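Me: I have a structure open and want to go through it with you. Can we keep it quick?

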Amino acid sequence: MAELFEQEIQQEIQAHKILIYGKGTKTAPMCGFTKETMQFFDKYGYPYELIDVLQNPAKREALTKLTNWPTLPKVFINGTFYGDTDVLDPMEKKGELVPLLKAAFEQK
Amino acid sequence: MITADVVSSFIQRAIPDATVTVMDRTGTMDHLSVRVVSDLFKDKSLLDRHRLVYQALDAPMKDGRIHALEIKAETTDGG
């Protein structure tokens, strides 16, 4: 079942430099953590995409298997999985996030 | 709804030397912030540290006793 979405997910994480899988939409986030994650990235001004998987339990399950991460939201930067703000916050404090975002968006 | 002791016992089953602090974020004891300090985290990435905590709390998260969980996972020297 998971393979069904594997390709779709791979395309999505390659297509968006910052991708949040979460609950709800940009204008109507359905969960505090999804909103918090968007606000986290709003600070940097880089564009990001939010894909709602609340209505798609099978895709949500495929994502959980792919990332070995049980919760939403799930954040991908430049095609790599980074968990959620629980992981991004400490990265930010250690100064690891800005270079990562710069590298993602300023690739020649 | 879950108590701090039960959360700690779940975590200590998977991470025996863990010092666990549980904060109730909404007053309903199911939206929690959990701080786990253990030297088992020393050579682990942030993602793997959090995966360990999620695996330890898999049961109460699956049955809804824990609805939302924020995790801080550090080593004893705050790393």
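Me: How much area is buried between chain A and chain B?
Reply: About 1,100 Å². Carbon and sulfur atoms give 64% of that area. Keep in mind that this is a predicted model.

Me: How many residues does the contact take from chain A, and how many from chain B?
Reply: Chain A puts in 16 residues. Chain B puts in 12 residues.

Me: Which three residues supply more than any other three of the area that chain A buries against chain B?
Reply: Phe33(A), Trp69(A) and Asp86(A). Together they supply 46% of what chain A buries there.

Me: How many salt bridges does the rule find across the interface of chain A and chain B?
Reply: The count across that interface is 0. Over all chains, though, the structure holds 10 salt bridges.

Me: Back to helices. At what angle do helix 4 of chain A and helix 2 of chain B cross?
Reply: Roughly 145°. Their axes come within 10 Å.

Me: Now inside chain A. How do helix 2 and helix 4 of chain A cross?
Reply: Helix 2 covers residues 32–42 and helix 4 covers residues 85–93. Their axes come within 11 Å and cross at roughly 25°.

Me: Why call helix 2 and helix 4 of chain A roughly parallel?
Reply: Angles under 35 degrees count as roughly parallel. The two axes cross at roughly 25°, so helix 2 and helix 4 of chain A qualify. Helix 2 passes helix 4 in a left-handed crossing.

Me: What meets what in that pair?
Reply: Helix 2 of chain A brings Glu36(A), Thr37(A), Phe40(A) and Phe41(A). Helix 4 of chain A brings Thr85(A), Leu88(A), Asp89(A) and Glu92(A). By class, that is 3 nonpolar, 2 polar and 3 charged residues.

Me: Salt bridges again. What does Lys59(A) form a salt bridge with?
Reply: Glu8(A). The closest N and O atoms are 2.8 Å apart.

Me: Where do the two partners sit?
Reply: Lys59(A) is in helix 3 of chain A, residues 57–67. Glu8(A) is in helix 1 of chain A, residues 2–15. They are 51 residues apart, and the pair links distant parts of the chain.

Me: New topic, loops. Where does Gly79(A) lie, and what does Gly79(A) touch?
Reply: Gly79(A) lies in the loop between strand 3 (74–77) and strand 4 (80–81) of chain A. Leaving out residues up to four places away in sequence, Gly79(A) touches Ile13(A) and Gln14(A).

Me: What is phi of Asn78(A)?
Reply: Near 55°. That is a positive value in a residue other than glycine. Asn78(A) lies in the loop between strand 3 and strand 4 of chain A.

Me: Last one. Is the peptide bond from Leu72(A) to Pro73(A) cis or trans?
Reply: Cis, with omega near 0°. Pro73(A) is in the loop between helix 3 and strand 3 of chain A.

Conventions: Residues are numbered from 1 along each chain as its sequence is written. Chains are lettered from A and ligands numbered from 1 in the order in which they are written. This is a predicted model: local features need pLDDT of at least 70, side-chain atom pairs count only at pLDDT 80 or more; totals for chains, interfaces and linings use all residues. Side-chain values use heavy atoms; hydrogens and water are left out. Axes are lines fitted to C-alpha atoms, for helices over the stretch in contact, and angles run from 0 to 180 degrees between N-to-C directions. Helices (H or I, at least four residues) and strands (E, at least two) are DSSP runs, numbered from the N terminus. Angles under 35 degrees count as roughly parallel, over 145 as roughly antiparallel, 65 to 115 as roughly perpendicular and the rest as oblique. A crossing is left-handed if the near helix is turned anticlockwise from the far one by less than a right angle, and right-handed if clockwise. Contact means heavy atoms within 4.5 Å. Ala, Val, Leu, Ile, Met, Phe, Trp, Tyr, Cys and Pro count as nonpolar, Asp, Glu, Lys and Arg as charged, and the others, Gly among them, as polar. Buried area is the accessible area (1.4 Å probe) that two parts lose on being put together, summed over both. A salt bridge is a side-chain nitrogen of Lys or Arg within 4 Å of a carboxyl oxygen of Asp or Glu.
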